[in-house]
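Look at the structure first, then read on.

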There are 2 protein chains.
Amino acid sequence: MKVYVHVTLKKGVLDPQGKAIGQALHGMGFDEVGEVRQGKTIELEVVTGTDIKRIEQMCEKLLANTVVEDYRIEVAA
Amino acid sequence: MKVYVHVTLKKGVLDPQGKAIGQALHGMGFDEVGEVRQGKTIELEVVTGTDIKRIEQMCEKLLANTVVEDYRIEVAA
């Protein structure tokens, strides 16, 4: 089965990459854009029936830096 | 309104970053993990009522490299 892990910076953590994207968009005339933040998505192919707890362990131990990042697990149908 | 742009590598494009994550997970004993691929998510705060066509233009011009990447636009409720 397919599992998506969405990793985003916590609120209040500066995101220079997102800011750069925002400035580039403004420079190109996309004035309707306000704040921009960038995160990452990790797509995992795991054995069907894998416990979500195992995915949480992967997130805590490797995929996300929980000091500055939040993660959200999404199981694809 | 909030718009999420999910950018992923096209099928068949090598993803060394994803591969590295997969190997690290295996090294930590997560043997249930098969293929891993990494993408990015860009969270945009845009003026309410913005046409999705504008977001598509942003993707085509800046956010995604359409030679090797696909993108998917998701409008948050």
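**How chain A meets chain B**

Q: How many residue pairs are in polar contact between chain A and chain B?
A: In this predicted model, 15 residue pairs are in polar contact between chain A and chain B, both residues at pLDDT 80 or more.

Q: Which elements of chain A supply the side that touches chain B?
A: α1 (16–27), β2 (33–46) and α2 (52–63) of chain A each supply at least two residues. β2(A) gives the most, with 14 residues.

Q: What makes up that side of chain A, by residue class?
A: It divides into 14 nonpolar, eight polar and eight charged residues.

Q: Why is the meeting of Arg54(A) and Glu32(B) called a salt bridge?
A: The cut-off is 4 Å from a side-chain nitrogen of Lys or Arg to a carboxyl oxygen of Asp or Glu. The side chains of Arg54(A) and Glu32(B) meet at 2.6 Å, N to O. That is within 4 Å, so the pair counts as a salt bridge. The count between chain A and chain B is two salt bridges.

Q: How do you know that β2(A) and β2(B) pair?
A: Pairing needs at least two bridges. Here 11 bridges join β2(A) to β2 (residues 33–46) of chain B, so the strands pair. They run antiparallel.

Q: How much area do chain A and chain B bury between them?
A: They bury about 2600 Å², 64% of it on carbon and sulfur atoms. In chain A, Phe30(A), Glu32(A) and Leu62(A) lose the most area to chain B, together 21% of what that side buries.

How values were computed. Residues numbered from 1 in each chain as written. Chains lettered and ligands numbered in written order. Predicted model: local features only at pLDDT ≥ 70, side-chain atom pairs only at ≥ 80, totals over all residues. Heavy atoms only, no water. Buried area = accessible area lost by both parts, 1.4 Å probe. Polar contact = N/O pair within 3.5 Å; in protein donor to acceptor, adjacent residues only side chain to side chain. Helix = DSSP H or I, 4+ residues; strand = E, 2+ residues; numbered from the N terminus. Nonpolar A, V, L, I, M, F, W, Y, C, P; charged D, E, K, R; others polar.
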